[in-house]
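Let's take a walk through a protein model together, going from its strands and helices to single residues and their partners. Keep the structure open beside you as you read.

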Amino acid sequence: MKIEIPELCLVMMMGSSSSGKSTFANRHFKSTEIISSDACRAMVADHENVRDANDATFEVVHLIAEKRLERGLLTVVDATNLQPEGRKSLVSLARKYHVFPILIGLNLPEPLIQERNATGRQLLARVIRHHHRQAKHSFRKLKKEGIRKWYELDTLEKVEKATILRRPAWNNKKEEQGPFDIIGDVHGCFAELRALLEKLGYKVTKHRNRERNYGYTVLPPKGRKAVFVGDLVDRGPASNEVLRLVMSMQKAGNALCVAGNHDAKLLKKLNGKNVQVKHGLAETLEQLAIEPASFIEEVKKFLSGLVSHYMLDGGRLVIAHAGLREDMQGRMSSTVRSFCLYGETTGEIDEFGLPVRYQWAEDYQGEAMVAYGHTPVPEASWLNNTIDLDTGCVFGGKLTAMRYPERELCSIAAKKVYKEPSRPIVPMQIEPGSEPMLSLQDFMGRHTINTRLRPNIVVKEAHNHAALETMSRFAVNPRWLIYLPPTMSPSETSTQEGYLEHPLEAFRYFSQQGVKEVICEEKHMGSRAIVVIGKNEAAIEKRFAITNEGIGVIYTRTGRPFFDDKNMEQALLYRLKEAISNANLWQELDTDWILFDCELMPWSAKAQQLLKNQYAAVGAAGSLALNTVEQVLAKAEKRGLTVKELSNAYRAKHEQVHQFRNAYRQYCWEVQSLEDYRLAPFHILASEGQVHADKTHNWHMDRIEALCDQDNILLATDYKTVQLDDTNAIQEAVNWWTALTEKGGEGMVIKPANFIQQSEKGLVQPAVKCRGREYLRIIYGPEYTQEDKLKQLRKRGLSHKRSMAIREFALGIEGLERFVRYDAFSKVHQCVLAVLAMESEPVDPRL
């Protein structure tokens, strides 16, 4: 006997004690899939025969079953399940998690069960007799109880020969990885559908013989497949031709289609059900009236085979006509099908007499992208990793498709208005800022974040609080915060005399990681600045849901506003916007917003208090004290005391303090107007639909150089490309660094030529800084170049700093990737807050 069950369902074993249920379950299911009531009773009462522990036992059974079903795992409840009330609670559990309840009943002859009982559990004979009688009666009630399918094994032979066949759910097409062309609601607009398919690269051939493959042959671009979101019919001029075309594509394996509410209603009508002939159904019936009866039968088969939704590409893509919540994806129930066909309504009726739809996508935080239709909008609309592709073709709009995984949109304008809409077609009515943000519960406690570049990044509870306080009290509007930059590790400690850091160590590190080419960029002595900029305020409102805050923002590496003067910030952004326009960067990137990583100078513009209270104070105190010491020593020398060696030592100290003061002074200048600032971009991080981490650093620098040519307030970064197997090129780079730092430059940053570089050991450091000898005097103090001080400093450890740099880099890229693919803001902020939290990790701030 073959017992077919879905790959995800709730299986109830039913039968008398000693009927062999547990033996059968253990033979056909994994031990982790089975919840044994006997085992649960033993857990709560120390013995499986303690009958007064039933309530507690089944609380445990239901708890475990609920947790497994919530996770999408097949669950087998091994209990007698002879009481209707017990089965009812399990059916309710199955419905709650949108899975089918399946029952396997062992109804063996009573003498056989009594014999087994006598040598087994040794229950009273009347108990077994009662169980057997209950089992017989139970099979008559199962359908009324809502159990979709059951199997009765009433002979020992059936039990022994039974096999379990696990069938993938009808909606499970995870093995289909695309690429796909996902097409919105067609509604009988055949001409537009054909034009759209041809624009997408499909070759459509119409046959004279209408019986041949439903009259059409469609050849797709190599490897691609069309996916229809439903509502093929009604309202439009040629629903019959649309059906012929789509049915031919599905038959040839070139298309998938899910059911729409109009398709489901047509099927009911064709099957003789009593439905209201309105909302375009009359036109469809008229168009089908000219078709032969054989084709109508084929249409009925086609429509009855349409499933509620599909899970594609390993579960990363969901197709459902009206959309689908995360907890329903991959599940099967009437509730799931209803949601897929009609969406969710508030129960209210609007002024046009139509139900008010609940915007389920506002609350969506799922990992899978959901492509849907049903609700017409003027333009295909993204929200929280969902996209509405119904652009109202039948109402005079357009027919839209999305290429997946490219996420490119392609559309054909409607040839005419075929039907006036019952209510105006307006953009998705989402209150700015209403979609889910990261809640406190999401970020409290120790948690783990999986990123594409590095799995299982742990964020410790102790570091969360500072991040939350910064975000809550000091940061810019959280909707700007789509990225925070990672920390950067210095090069390994140099053994060269007089140096703590030297480029050769950085080159050696990258060479050991298998990197062949690096780029060396001048390190500006400014403050890290993240710049979000839009073409205009409308672009910012559309993409960031922010109003009345200008065309962008400039914030620090910890998310705080860079400028106290909002007018000064906006003035700088408008200069940058004009430069972007003049450099044709908007057009090249096909975007109306861009995210830059920059340095903003002078350093004193943001670090004034640091300079005044720390560096300047040290310099002034040191000079004052050493002046006095030198004067005292000069007097002692005049008196003939032997202090020459001591005088030379203190003169050297005084010279070191002088060098310390000169080191930080050259990075500071007075700022009186916008013209006194310099903005040095070095990464084009992201723009609409793209994270530019897939480009080389040379790509970034070339475009930034062209951008900086447009305005002298923008400063291009000098750089050199170095082949690590070329000793001459390495020496040239060292010489360049030496000249740069001896003139007072901070140093340089060495990066792999590729933005993201992997090695056999994992992710390579995205950048290593190599700071100049005099700049490090600011960091480590005036006397750090003394050999005894250098000897101590060379013991510094870099492993924690480098681990932080890798983790923060992976989180930053992950956050941007989530943002550009329209994941919920909460998913983006999970990464941003994690970077901020890691800044609380104890690490030497001088590194």
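In this predicted model, start with an open sheet of five strands, which follow one another in the order β25-β36-β33-β26-β32. The pairing in this sheet is mixed. At its edges you will find β25 (489–490) and β32 (719–723), each of which pairs on one side only. Now look at two of the neighbours: β26, residues 517–523, and β33, residues 747–752, pair in the antiparallel sense over six bridges.

Helix α16 (residues 503–512) lies across β26, β33 and β36 (768–771), and runs at about 5° to β33. Helix α23 (residues 727–742) lies across β26, β32, β33 and β36, and its angle to β32 is about 150°.

Next, let's look at the backbone. Most peptide bonds are trans, and most residues other than glycine have a negative phi. With that in mind, where does the model have cis peptide bonds? One joins Y404 and P405, with omega at about 15°, and P405 sits in the loop between β21 (398–404) and β22 (408–413). Another runs from M601 to P602, with omega near 10°; P602 belongs to the loop between β29 (593–601) and α20 (604–638).

D231 is not a glycine, yet its phi is positive, about 55°. You can find D231 in the loop between β12 (225–228) and α9 (239–251), and because its relative accessible area is 2%, D231 counts as buried. H279 is another non-glycine residue with a positive phi, about 60°. H279 lies in the loop between α10 (261–270) and α11 (281–288). Is H279 buried or partly exposed? Its relative accessibility is 38%, so H279 counts as partly exposed.

M43, V44, L63 and I64 make a nonpolar patch of about 350 Å². Helices α2 (37–45) and α3 (54–70) each supply at least two residues of this patch.

Finally, follow the charges. Side chains of opposite charge can pair when their charged atoms come close. How many salt bridges does the model have? The count comes to 43. One of them is between K225 and E176, whose closest N and O atoms are 2.9 Å apart. This pair links distant parts of the chain, since K225 is in strand β12 and E176 is in the loop between β8 (172–173) and β9 (180–183), 49 residues apart. Both K225 and E176 are buried.

Another salt bridge brings together the side chains of E406 and R224, at 3.0 Å from N to O. E406 lies in the loop between β21 and β22 and R224 in the loop between β11 (216–219) and β12, so this pair ties together parts that are 182 residues apart in sequence. E406 is partly exposed because its relative accessibility is 35%, whereas R224, at 13%, is buried.

Methods
Residues are numbered from 1 along each chain as its sequence is written. This is a predicted model: local features need pLDDT of at least 70, side-chain atom pairs count only at pLDDT 80 or more; totals for chains, interfaces and linings use all residues. Side-chain values use heavy atoms; hydrogens and water are left out. Two strands pair if DSSP finds at least two bridges between them. Helices (H or I, at least four residues) and strands (E, at least two) are DSSP runs, numbered from the N terminus. Contact means heavy atoms within 4.5 Å. Axes are lines fitted to C-alpha atoms, for helices over the stretch in contact, and angles run from 0 to 180 degrees between N-to-C directions. Buried means under 20% relative accessible area, exposed over 50%, partly exposed in between (1.4 Å probe, protein chains only). Patches are made of residues with over 30% relative accessible area and no salt bridge: like charges are joined within 9 Å, nonpolar side chains (Val, Leu, Ile, Met, Phe, Trp, Tyr) within 5 Å. Accessible areas come from the Shrake-Rupley method with a 1.4 Å probe; for residues, only the protein chains shown count as cover. A salt bridge is a side-chain nitrogen of Lys or Arg within 4 Å of a carboxyl oxygen of Asp or Glu.
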